[in-house]
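Hello,

The structure you asked to look at is handed over below. My notes on what was found follow it.

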Amino acid sequence: MRAARLIRMVLLLQSRPRMTAAELAGELEVSERTVARDAQALSEAGVPVYAERGRAGGYALVGGYRTGLTGLASEEAQALFLSGVPGALREMGLGEAASAARLKVSAALAPPVREASRAVNGRFHLDAPAWYTRPEAPGLLAPLAEAVWDDRRVAAAYRRADREVRRELEPYGLVLKAGVWYVCARAEGAGRARVYRVDRFTEVRDLGTRFARDTGFDLARFWRERAEEFARSLLREEVRLRLSPAGARRLPGATDPRAAREALAAAGWRDGSARWVEDVVLPVESLEVAYEQLLGLGPEAEVVAPPELRDRMREAARRMAGLYG
């Protein structure tokens with residue numbers, strides 16, 4: 001276990017000029033104290049790891065040191081081949097390049113490890129879009145992908161509601177979510193990146209200039225934060241509920257999971273409790289949406305407020321009782 005971590009530490013330092021203790025600790029999933037001990041162990045073993053103290057300090061390999069410990073184990077090769085998303089690469093215009101890269105990697109591997117490609121392809125397939133959809137690659141995805149790879153500014157026209165807007169954009173990254181492509185880009189003069197649906201672009205033109213990428217931009221973190229903001233922005237109404245133990249367990253599956261869990265926690269519910277949960281204040285997208293969602297909980301949920309939603313639920317219960325006698 002420690003030997004594998006030491007090798008990984010050397011490879012990390014080999015791939016970057018310098019890393020802080022915090023960065024190494026995050027990558028290796030250990031404490032900064034463990035990083036310091038590992039660096040000392042590597043130095044004693046003859047690996048020239050240099051540690052510089054202070055705010056601007058960190059760890060580095062001295063003199064362009066390179067290790068030959070770059071061979072892939074079978075499980076590592078399997079992970080490499082599994083990490084590709086062939087459909088997405090084709091849509092970005094990188095299908096041939098990806099195929100060539102896989103062939104080159106396969107040719108460089110030892111025969112037992114080379115079988116990882118066939119083993120993975122025969123056992124795993126990623127189908128990203130949701131059911132009942134037949135997504136098509138947006139026509140302007142390829143030029144946007146080229147701009148993302150090369151940090152190039154583009155002039156773009158974009159459909160928004162009933163009008164078309166034009167922007168000069170610095171495209172930072174692409175995200176494929178449930179079969180839909182999005183580009184995360186910063187508009188000229190704007191301090192904050194925004195998210196645009198690629199299928200709403202009607203024009204993308206390379207401006208012939210590059211932009212200076214913000215080295216602190218983390219695409220995964222940016223997308224996660226914006227996705228959470230978007231989900232919360234949809235929850236504009238509140239309903240007050242009483243829930244049976246079964247209703248409390250089922251609520252996250254019937255409504256927004258995060259909002260449901262937070263509402264249950266605020267009401268003091270604990271899984272395993274045999275009592276009804278009182279005064280659950282649940283954020284919802286609208287009363288119409290809440291009506292459809294809460295009907296699925298049947299007698300396990302009682303709407304206390306607002307009155308108009310309670311009246312609709314009462315009428316639905318009356319009609320259902322009539323159907324079943």
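Aromatic pairs and surroundings

The structure holds 7 aromatic pairs (ring centres of Phe, Tyr or Trp, the last by its six-membered ring, within 6.5 Å; planes under 30 degrees apart are stacked, over 60 edge-to-face, the rest tilted). One of them is edge-to-face: Tyr158 and Phe201, at 5.0 Å centre to centre with 70° between the planes. This pair links distant parts of the chain, 43 residues apart, with Tyr158 in strand E3 (residues 152-160) and Phe201 in strand E7 (residues 201-210). Both Tyr158 and Phe201 are buried (under 20% relative accessible area; exposed is over 50%, partly exposed in between, with a 1.4 Å probe and protein chains only). Ring pairs also join Tyr172, Phe211, Phe217 and Phe222 into a cluster.

The model is predicted: local features need pLDDT of at least 70 and side-chain atom pairs pLDDT 80 or more, while totals for chains, interfaces and linings use all residues. Numbering runs from 1 along each chain as its sequence is written, and side-chain values use heavy atoms, without hydrogens and water.

Elsewhere, the charged end of Arg312 sits over the ring of Tyr291, 3.8 Å from its centre (the cut-offs are NZ of Lys or CZ of Arg within 6 Å of the ring centre and within 35 degrees of the ring normal). Tyr324 lies in helix H13 (residues 307-324) and is exposed, with a relative accessible area of 72%.

The chain has 13 helices and 10 strands (DSSP runs numbered from the N terminus: helices H or I, at least four residues; strands E, at least two). Of its 325 residues, 32% count as buried.

Regards
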